[in-house]
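Please look over the model below. The report that follows covers helix packing, sheet layout and confidence.

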Amino acid sequence: MSRSEALLDLAEQAVDTGIDRLARAGEDWSARQFKPSGEEVTAADLEVEKVVSAVLRRHAPGIPVIGEETAGDSVLPSRCWLLDPIDGTMNFTRGSPFHAVSLAYVEDRLPRLGVVHAPALGRRWRTGRKGGLPPSSPVARSVGEAVIGFTGTGPGGTRRLSLLQSSAYRVRMQGAMSLDLVGVAEGWLDACVCLRPKPWDVAAGTALVRERGGTVLGAGGQEFAFDSPVLVAGRTALAHEVLGLWESRHAESG
């Protein structure tokens, strides 16, 4: 087994542990609290992060684990695990199935492999499988033909989102960045825009999209990096068109 295969196997084992713990959780686990930032958090977020991190540290003690709930303001190492114990916590607290455990291995600040598991949907996506981006039906050749996922908040977001909604065929706001990226990798979304993404929100999904031949861009049309205030993913030409629309002067005026 190669090193990459061993790390992916460990990632799946760790996610399995988190999903198993989540399946045995009581309803009180979904009771929401609020972080100082105003974001929602539950006992489930904390518990899943604890058990997944424990598996990773036990079997790969030399690789730091950076999880959403314990990361604080720490500087992101060049090599680490990035974990979002429940991406889409707001969906989780309301009983929506659109939430996921997202885990990625990062080396040289690039996502090398990833696992995204949506327990309420009974679905898992992982890197390491052959095959490119599946053809959409019909294939979107422009923003006007595209179904685009959007997640995130931030300054200027409302005006830019309105511009996107008026330009795209449809905009879908599903509330989980990892699953928007999965949607691009699987073909049910033509593109997605993630505003103010945190590294653990998007690392696993970015690895999935890139492995399947898609493009993941950051601000200014560069390859996405974790300090970018925006992420756009899709087939190359469409991703650049969507990002250009998002960064247009008209959008900036909002």
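## Helices and sheets in a predicted model

Axes are lines fitted to C-alpha atoms, for helices over the stretch in contact, and angles run from 0 to 180 degrees between N-to-C directions. Helices (H or I, at least four residues) and strands (E, at least two) are DSSP runs, numbered from the N terminus.

From α5, the contact uses Met 177, Ser 178, Leu 181, Val 182, Val 184 and Ala 185. From α6, Asp 201, Val 202, Gly 205, Thr 206, Leu 208 and Val 209 take part. Contact means heavy atoms within 4.5 Å. By class, this contact has eight nonpolar, three polar and one charged residues. Ala, Val, Leu, Ile, Met, Phe, Trp, Tyr, Cys and Pro count as nonpolar, Asp, Glu, Lys and Arg as charged, and the others, Gly among them, as polar.

Helix α5 is mostly covered, with nine of its ten residues buried. Buried means under 20% relative accessible area, exposed over 50%, partly exposed in between (1.4 Å probe, protein chains only). Among the buried residues are Leu 179, Asp 180 and Gly 183. Just after α5, Gly 187 has a positive phi of about 100°.

This is a predicted model: local features need pLDDT of at least 70, side-chain atom pairs count only at pLDDT 80 or more, and totals for chains, interfaces and linings use all residues. Residues are numbered from 1 along each chain as its sequence is written, and side-chain values use heavy atoms, with hydrogens and water left out.

The open sheet has five strands in the order β3-β4-β5-β6-β7, with mixed pairing. Strands β3 (65-67) and β7 (123-126) are at the edges, each with a single partner strand, so one side of each has no neighbour in the sheet. From one strand to the next, the twist averages 15°. Helix α1 (residues 3-23) packs on this sheet and touches β4 (79-87), β5, β6 and β7. The direction of α1 makes about 30° with that of β6.

Strand pairs are compared here. Two strands pair if DSSP finds at least two bridges between them.

| Strand pair | Sense | Bridges |
|---|---|---|
| β5 (residues 100-107) and β6 (residues 110-118) | antiparallel | seven bridges |
| β8 and β9 (residues 170-172) | parallel | three bridges |
| β8 and β10 (residues 191-195) | parallel | five bridges |

Val 106 has Pro 111 in β6 as its bridge partner. Gly 149 stands opposite Arg 172 in β9, and Phe 150 stands opposite Val 193 in β10. Strand β8 (residues 147-152) has five of its six residues buried, so the rest of the structure largely encloses it.

Glu 107 belongs to strand β5. Glu 107 is partly exposed, at 23% relative accessibility. Its contacts include Arg 3, Ser 78, Arg 79 and Arg 112, not counting residues up to four places away in sequence. The C-alpha atoms of Glu 107 and Arg 79 are 4.3 Å apart, although 28 residues separate them along the chain.

Mean pLDDT (the predictor's confidence in each residue, from 0 to 100) is 89 for the protein, and 87% of residues reach 70 or more. Confidence is lowest in helix α8 (residues 249-252), at a mean of 54, and highest in strand β11 (residues 215-217), at 98.
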